[in-house]
Amino acid sequence: MTTQIHPIQHTKKISKNISIQDPLWVRWLLITISIGFISLFICVPLGLVIFQAFSKGITAYFSALSQPDTLSAIKLTLLVAIVTVPLNTLFGVTAAWTITRFDFPGKSLLTTLIDLPFSVSPVISGLIFVLLFGAQGWFGEWLMAHDIKIIFAAPGIILATVFITFPFVARQLIPLMQEMGHQEEEAALSLGAGGWKTFFSVTLPNIKWALLYGVLLCNARAMGEFGAVSVVSGHIRGLTNTLPLHVEVSYNDYDVIGAFASASILAGLAIVTLILKTVLEWKQTTR
Amino acid sequence: MSQRSVMPGFRPSLGYTLLYLGLIVLIPLSTLVFESFKLNWHDYLQIISSKRILSSFQVSFLASLIAASVATVFGFITAWVLVRYSFFGKNIFHALIDLPFALPTAVAGIVLATLFQPSGLLGKFLLTTFGIQVAFKPLGIVVALIFISIPFVVRTVEPVLLEFETSMEEAGSSLGASRWQVFTKIIFPNVFPALLTGFALSFARGVGEYGSVIFIAGNIPYVSEIVPLLIVIKLEQFDIPGATAIALTMLVISFLLLFIINLLQHWARKRSGQL
Amino acid sequence: MKTKFLKLIFATALSLAVTTSIQAKEVNLLNVSYDPTRELYKEYNPVFAKYWKAKTGDDVTVNQSHGGGGKQARAVLEGLEADVVTLAIAYDVDQLYQKRKLIPENWQTLLPNNSCPYTSTIVFIVRKGNPLGIKDWNDIVKPNVSIVTPNPKTSGGARWNFLAAWGYALKHNNNDEAAAKNFVTQLYKNAAVLDTGARGSTTSFVEREIGDVLITWENEAYMVLDEFGKDKYEIVTPSLSVLTEPPVTVVEDVARKHGTTEAATEYLKYLYSKEGQEIIGKNYYRPTDPEIAAKYAKQFKPLELFKIDLFGGWNVAQNKFFADDGVFDQIYGAGK
């Protein structure tokens, strides 16, 4: 998989050549269709989250957020992201380096395997960790004998999240590094720079925006994952509920404000992420 | 492209990649295979070919197919608009595309069900104007999956459109081709592989989706019951081998889909002369 | 909060063996329960903590986990360290003995009343004014009645719903199984949504405004009226329904390991006390203490109740009705 989701470079100027411009009515029609489509499927749902969260006023919103269970859900979610993102970033960079800088048999199989977690159903992603670490799983007895908790505790939630967000950084970097080629790196190496020095002074500056974008997406997904985490969490209030799980719990408690207030944090986070991304792109083009 | 002698760090980086891949992805996924071994071939086939499972596969695949198609058409238009035209608020618009990536699927499900329920903002409109009920019907599954699919199509097509050389279009039109001919003969064939990839990605993601669908589907057996729900049902009955049998089948399908996507990519790159 | 959080990190992320020590003055219990008991235990836990403090001087914190009964039982089997389980049906609790011997075989005899401190039944909620004139089970199987009930495959409450309808049909058809099956088939033909849990069904009926009738727990029904307005919904109590008996038990294996056996046992026993029974009555469960039950009797409409024994107990009922290719699967398969 090589082309999807990479940072869009808006450097290319839209040609002013009149012959390849679409007629005005076509432009307006297409703009209207796409704005309509995105509004319907993205803006309206987003608006509803915000509307519901504030439907009883700002005070109700903040008091919902300052519930101890909500706070502990926020903390657990942050803990998960703090562990998950660096792990997958390190892997993403290494995997991209391996795949784009060397030729070896089975390369496309490896690429497919890296993408695999992405299309595995979240239900299955949770199940496999239960099969491994659950009390009846492969390591269940050993873990119990040593009193180590993985499933229904933070490590299980982190593992499931690492699995779900596994491909994000790697697939941002692979297409970019493929396009870059390795002439610059070869030049640095031939001038006597070491491997690490070449990476940090040649490769990294070239991929830093794509890397950042990958990290941001990975982070957003790590904080927002619901299905897989739901299977391995145990849903203990104030202990093993992440924010997305807390949204569901609150909703089932008929606490609509609480549910949507928590959801609005996640949506807000997503938007901040996306704005950051846009700023990064803009910086990149004006550099 | 053999750079083994020049570029440093092949062994450690390949080693680390394989180790991490093995620990996080392969070993956990292999539990499905081993757990399924507890069933013999006959039992496995019996589980997989039961009418309820087959009909849920039909629901999941059909809904994903329709959702991926809709998302591909509108995603293409959106990507085109974002790359080619400029209009007020384009940057915000552009940033919003990734929202479905980041929003928890449960939130998406609750919100979409609220909007499309028969008394909801959009559901009421659709019901009274067209007599269509969306939420709690198979159509609800499609709506949820379209939401999930949008970023995949847009983000796959966008870079290809950006890199596309407008000189080819200019050449075409200077040779007297109409704008429509330029589009069908020059632009579309070049974008087509990326569209296919976006479609296949959306499809693969849609088949496995659980969180958002469950809130809006209605979950009626034979009508709106999706495959992941049946896995959950098997688990609730303490039937772990049964659940893994279905899960393994889905895993194999996902793997094949991804492999086809990668072949498509390869083919597309070859065609556009990048390889 | 901070220490709790740090504890969570150290206890889990670093996989250190930190368990509640036996001598600690702070006792932590985990109660793994089904969906509609949220409000009940929210009210009961602090009252028990006060009682336990007065009795032993120890502080007890009870953590709650709620979800579908089958899912919760499975989580405990897979290692969720519940000191006590309070689930919707005895079948799910019994799996803790059947699959992993976490509880003794005779668990149901260890506490009074088959280990059920509270009971309930299955009733209907209709929209205000009861526009379709629903009075009993035979009214909701008529064509053009749209009903909301969870999926018996994933929800314990939904299994009670199914059995209540089946019992009614048996009684009114001279115990003719074929007629009962026909009756229940009609009923599920009217189902607009099969949510995965009782709470999901309530949401579908109330928030999504789906269906004419919601079949649900009696306690859940009264809670819905309190929560969403008596001016919008009313409760219809059928002539006959099932006596639902949600059992409770100490997960002995886990409690022994945690050193919480005493507190966990007392936690459940206190449910049978006058104070516990009052809270149970206030939350619209049916108390088992005759005195308290009499006090709260007027809040429920009288109806005839039958027990799970009518079907030969949970193991028989589960296999006959809800296992793969059981009656529930057959009634959906028949239409195809």
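The model is predicted, and local features are reported only at pLDDT of at least 70, side-chain atom pairs only at pLDDT 80 or more, whereas totals for chains, interfaces and linings use all residues. Residues are numbered from 1 along each chain as its sequence is written, and chains are lettered from A and ligands numbered from 1 in the order in which they are written.

Confidence is expressed as pLDDT (the predictor's confidence in each residue, from 0 to 100). Chain B has a mean pLDDT of 86, with 95% of its residues at 70 or more. Among the elements of chain B, the highest mean value, 93, belongs to helix 3 (residues 51–84), and the lowest, 81, to helix 4 (residues 90–96). Helices here are DSSP runs of H or I with at least four residues, and strands are runs of E with at least two, both numbered from the N terminus.

Contacts between chains were assigned by distance (two residues are in contact if their C-beta atoms, placed from the backbone, lie within 7 Å). The contact of chain A with chain B draws 85 residues from chain A and 90 residues from chain B. On the chain A side, helix 1 (residues 24–53) gives the most, with 15 residues. This side comprises 52 nonpolar, 22 polar and 11 charged residues, where Ala, Val, Leu, Ile, Met, Phe, Trp, Tyr, Cys and Pro count as nonpolar, Asp, Glu, Lys and Arg as charged, and the others, Gly among them, as polar.

Chain A also touches chain C, through 27 residues of chain A and 25 residues of chain C. Helix 3 (68–101) and helix 7 (154–164) of chain A each give two or more residues to this side, and helix 3 of chain A gives the most, with five residues. The chain A residues involved divide into 14 nonpolar, eight polar and five charged.

Within chain A, domain 1 spans 19–53 and domain 2 spans 58–286, the bounds coming from an automatic or database domain assignment. Their C-alpha centres lie 29 Å apart. Five residues of domain 1 of chain A are in contact with eight of domain 2; those of domain 1 are four nonpolar, one polar and no charged.

In chain B, helix 9 (residues 166–174) contacts helix 10 (residues 179–208) through Met168(B), Glu169(B), Gly172(B) and Ser173(B) of helix 9 and Val182(B), Ile186(B) and Ile187(B) of helix 10. By class, this contact has four nonpolar, two polar and one charged residues.

Note on methods:
Axes are lines fitted to C-alpha atoms, for helices over the stretch in contact, and angles run from 0 to 180 degrees between N-to-C directions.
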